[in-house]
Amino acid sequence: MSSSVASAPTAGSAVTFSLVARWQNLRALAWDRSLLYASRGYELLRGDFSSRSAPAEIGWEHVATFRPSQWRSISVSNRLTSRLFRDGFHALAVSQSGTLVGTVPGAIITLRRGEKEFRVSHVIPRGTRPLHIAIVPNGRFYWGEYFDNASREEVHIYGSSDQGESWRIAHTFPKGAVRHVHNVVHDPWGDCLWILTGDYGDECRILRASYDLRRVETVLQGNQQARAVAMVPTEKGLFFASDTPLEKNYVYRMDRSGTISRLVPLSGSSIYGCRVEGNIFFSTLVEPSEVNPDQHVRVYGARVDQVDEKTWPALLAWRKDHWSMRFFQYGNAFLPEGKNDTNFLAVSTIAVQSDDMATSLYAVAA
């Protein structure tokens, strides 16, 4: 597969879908039921997909902007410099009250309901940005520190109980415990948070935590298959994908009793997953790896109730472009987070041929 278009399912797949729209220079960030938030550089847009007809005709509504430094205002205007300097929005979470909390290089930014410009609510002291932001029903936001941490200093998870107005340290991993935090995931069926950390040996952990992070317990630890970023909770359990350049990667399922099943091999590391109605999707990235040499970004998908290897194929693929991975980013496919009440799968690709920095929308059949 060298094309991103897959209008017919792979043999044996229970997932059928079709490409219905594509937008250049757009990155899908988060669903809020039928609303999809996306960004162009430092501008945040919103599309309403409550109607399942003619999504290509959706008008993207301006929501707000963030004013970066002057030099980033220049670098973001060019595709390659934007990739080089990792410009723009990288994550977004939406509260029930309408508050938006996002990440941009070097900062957590907050937009209160009715405002039109994001403001910096927290300057990130280590690293450039967290990979994800979580929100729980009581309105608290959480994110974990993600930085190189070669000396294995203590690592913090930050939380906000005032709608992103201020941030405090909610949990600390002691020095030498973990390298960094990959993700904090809200599990509405388990009434808990899941914390995913890396990168080597016992630093690789999947932990269950209470909403206030006063109780944190390790569920899985100690090998590269516990090195995960992408996790999708469901009623009957959790789906997660490993993120390692050192071993073959897989999708796993952990049921509510704690039993873990290995489901399907992946062509590379995975850091994004999502749910569309009764279907689960994970994407892979292209990174330097002798074990995972595939030069295609891929999206895998299956129905929640049919998740063996035969029914979880690679459905989409994009070949990595020729630009340096070190400077111009790994090839990747971003899958927006949040609660998606539509039948649409949004996929934003970067550093790939044909669809660099584009968002494709697929209608997934019931």
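Select Leu-207 and then Thr-218, its bridge partner in strand 17. This is a predicted model, in which local features need pLDDT of at least 70 and side-chain atom pairs count only at pLDDT 80 or more, while totals for chains, interfaces and linings use all residues. Residues are numbered from 1 along each chain as its sequence is written, and side-chain values use heavy atoms, with hydrogens and water left out.

Now show the whole sheet, an open one of four strands in the order 14-15-16-17 with antiparallel pairing. Strand 14 (180–187) and strand 17 (216–221) each have a single partner strand, so at these edges one side is left without a neighbour in the sheet. From one strand to the next the twist averages 25°, an angle between lines fitted to C-alpha atoms, taken from 0 to 180 degrees between N-to-C directions.

Then turn to Arg-27, Leu-29, His-90, Tyr-272 and Glu-337, which lie nearest the centre of the largest cavity among its 13 lining residues. A cavity is a set of points on a 1 Å grid over the protein atoms alone where a 1.4 Å probe fits but cannot get out, and lining residues have an atom within 4 Å of a point. Finally, colour strand 2 (27–33) and strand 6 (91–94), the elements that give two or more residues to this lining, with strand 2 giving the most, three residues.

Key:
Two strands pair if DSSP finds at least two bridges between them. On a 1 Å grid over the protein atoms alone, a cavity is a set of points where a 1.4 Å probe fits but cannot get out, and a pocket is an open set with protein on both sides within 12 Å along at least five of seven lines; lining residues have an atom within 4 Å of a point.
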